[in-house]
Structures are given as C-alpha cells and as structure tokens.
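Look over the sequence and the fold, then read the points below.

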Amino acid sequence: MQSIFRLGGVAVLLAASVAQVQAQAQALAPAVRTEKNISLALANQIAAEAVAACAANGYNVAATVVDRAGTVRAVQRADNAGPHTLASSERKAWTSASAKSPTQAMMEGAQKNPGAANLVYLPGFLLLGGGVPVKSGNEVIGAVGVGGAPGGHLDEQCANAALEKVKGQL
C-alpha cells in the first residue's frame, strides 16, 4: 500500500514539474510573431512571368499567386486560356501554399502511397502538377499555381521559370 502512495506522490511531483516547464516555455515564447509574406508587386510579377513562360511555349494558361495563408494576391489569364484555367491555377496555388510543397510531388506521392491517396478528399486540394511554393530562404511566403498547359508537368515548368526570374528578390 505504501508503494502505491509513493508512486502516486511521484506522479504528482512529475506532473507538477511538467506543468512548470510548460509555463516557463510559454513565458519565453513571444506573444507577437513576425512573418515574411509576399508583396502585391512580387505576386503580380510572378503571375506575369508564369503566363509569359507558358506563352513562349505556345500554352495559354492562367497563373494565380497566393500569400502564405493561401489568399489570392494576383491572377493573370492569357488570351485564349480556357475559363477552367482560373480555378485550376488557384486551387494548385492554394494546395501548394497549404502543404508547403509542389503539387506535382504531392500527386506522385499520392499515386504511390495508398495512405496519401486520401489527400484528394480534402476540400480544396488539387493534386495536379503546376503548384509551386514561393520561398524566401527556407520560409514559404506564398505559392504560384499555373493551369492550362497540356500537362501538369508543363504548368510546373512555367511556374518554376517565373520563380527563376524573380529569385533575386526573394
């Protein structure tokens, strides 16, 4: 019986120590965070560069750039791009910003991994190539989505070409 009381006492002391450490960690954490985010000017430039990169290859696309939270910052749609390209570019950008990953890689992962295949059921996720995170250093500050080229891998090439053009500003 005494050993039960001792174990109970140890458990109470351990719980109190854990609570004290958590309280100290919270006291040290800043109450206000500073985060990098994409500017409107940069978002417009990336969208224009993505549409231009695809146009150079004969593809009429739409490009959407979102901020770190997935909110649309800029959209451009090429002449003769289909109306569906707007929705696909936005969903690709949102998916990429949300997951902080290229959508082409996510699609391939979902095809190979039955557990990841369930990602297609998340509302708003579009697992097609063409969504690429925009990074400043290692921090994701937004994403670009391109839709309308004859294949997601080609959409992704245009998105990457646009990011290559602005890399000095990131």
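A residue counts as exposed when its relative accessible area is over 50%, and as buried when that area is under 20%. Asn80 reaches 70% relative accessibility, so Asn80 counts as exposed. Keep in mind that this is a predicted model.

**Loop residues with positive phi**

- Asn80 sits in the loop that links β2 (72–77) to α3 (84–99).
- The phi of Asn80 is positive, about 70°, although Asn80 is not a glycine.
- Lys100 belongs to the loop between α3 and α4 (103–112).
- Lys100 is not a glycine either, yet its phi is positive at about 55°.

- Strand β1 (residues 62–67) runs antiparallel to β2, and 5 bridges join them.
- One of the pairings is between Val66 and its bridge partner in β2, Val72.
- The hairpin leaves 4 residues between β1 and β2.
- Gly70 lies in this turn and has a positive phi of about 90°.

- Strand β3 (residues 131–136) is mostly covered, with 5 of its 6 residues buried.
- β3 pairs with strand β4 (residues 139–147) in the antiparallel sense, over 6 bridges.
- Pro133 stands opposite Ala143, a residue of β4.
- This hairpin has 2 residues between the strands.
- Gly137 in the hairpin of β3 and β4 takes a positive phi near 65°.

Key: Residues numbered from 1 in each chain as written. Predicted model: local features only at pLDDT ≥ 70, side-chain atom pairs only at ≥ 80, totals over all residues. Heavy atoms only, no water. Buried < 20%, exposed > 50% of the residue type's maximum accessible area, 1.4 Å probe, protein only. Pairing = 2+ DSSP bridges.
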